[in-house]
Amino acid sequence: MAKKNEPLKTDEHGAPEDIEVKEPVPETEEQVEFADTETPEADLFGAQEQETVDEAGELRKQLEAEQNKYLRLLADYDNFKRRTQKDKELANQFRSQSLLSDILPVLDNFERALSLETNSEESASLLKGVEMVQKSLTEAVSREGLEEIKAVGEPFDPNFHQAVMQEKDESAEPGTVLQELQKGYVLKGRVLRPAMVKVNE
């Protein structure tokens, strides 16, 4: 287009010259592709925000997994402590079980010795000494938790009594222990040896 206030150019015959019209240059394929692939600023921000949310969710899951793992380990440790403490208490409670089991025949021998009849003053004096030793030994094992099992006159209990004989006695209830043949003992509630008894039919 001619500039304003400039005279129109003419040829040598006075006719106006043709004005050159510039056609628009078409866009290349690279330019079109670049224009199509451009991401608006709002879409880019939304994508970044979604990525942040996803990362936060993944971190939250990892944190929960680690917390659960910690709680399980803590519970296992508490259970281990309780088991260890219980085993220790049981070991202390029954630490003398083996020794007391070996002492039971000695107590039986004292019982037999004291059941003998004496015909002389010397024998009576000897038995008196045996009785004193038996009393001291019985007191010592009692302090460790050893107790005699009640038998005569008690209803037969297979948890505490071992029946080796039966006899018919009309004066006693059926199933009642009539005689104790060997003493039984419990150690802090645990049967160390059942009492050998004769039971009424």
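Analyst: A contact here means heavy atoms within 4.5 Å. In this predicted model, among contacts between residues at least 6 apart in sequence, 59% join residues at least 24 apart.

User: What makes up the protein, and in what order do the elements run?

Analyst: The protein has 4 helices and 6 strands, and from the N terminus on they run α-α-α-α-β-β-β-β-β-β.

User: How do you know where confidence is lowest and where it is highest?

Analyst: Confidence is expressed as pLDDT, on a scale from 0 to 100. Helix α1 (residues 29–37) has the lowest confidence, at a mean of 50, whereas strand β6 (residues 195–200) has the highest, at 97. For the protein, the mean pLDDT is 82, and 77% of the residues reach 70 or more.

User: Why is the span of α3 called close to the expected one?

Analyst: The expected span is 1.5 Å times one less than the number of residues. Helix α3 (residues 97–114) has 18 residues, for which 26 Å is expected, and from its first C-alpha to its last it reaches 26 Å, so the span is called close to the expected one.

User: What makes Ile-103 the site of a bend in α3?

Analyst: The bend is the angle between axes fitted to the seven residues ending at a residue and the seven starting there. At Ile-103 the bend in α3 is about 30°, and a proline, Pro-105, follows within four residues.

User: Which residues of α3 are called buried, and what covers them?

Analyst: Buried means under 20% relative accessible area, and in α3 the term applies to Leu-100, Ile-103, Leu-104, Leu-107, Asp-108 and Phe-110. Their cover includes α4 (121–143), β1 (146–148), β3 (177–182), β4 (185–187) and β5 (190–193). Across the protein, buried residues make up 15% of the 201 residues.

User: Which residues does Tyr-185 touch?

Analyst: Not counting residues up to four places away in sequence, Tyr-185 touches several residues, including Leu-104, Leu-107, Leu-146 and Leu-192. Glu-147, Glu-148 and Arg-190 are also among the residues that Tyr-185 touches.

Notes: Residues numbered from 1 in each chain as written. Predicted model: local features only at pLDDT ≥ 70, side-chain atom pairs only at ≥ 80, totals over all residues. Heavy atoms only, no water. Helix = DSSP H or I, 4+ residues; strand = E, 2+ residues; numbered from the N terminus. Buried < 20%, exposed > 50% of the residue type's maximum accessible area, 1.4 Å probe, protein only. pLDDT = per-residue confidence, 0-100.
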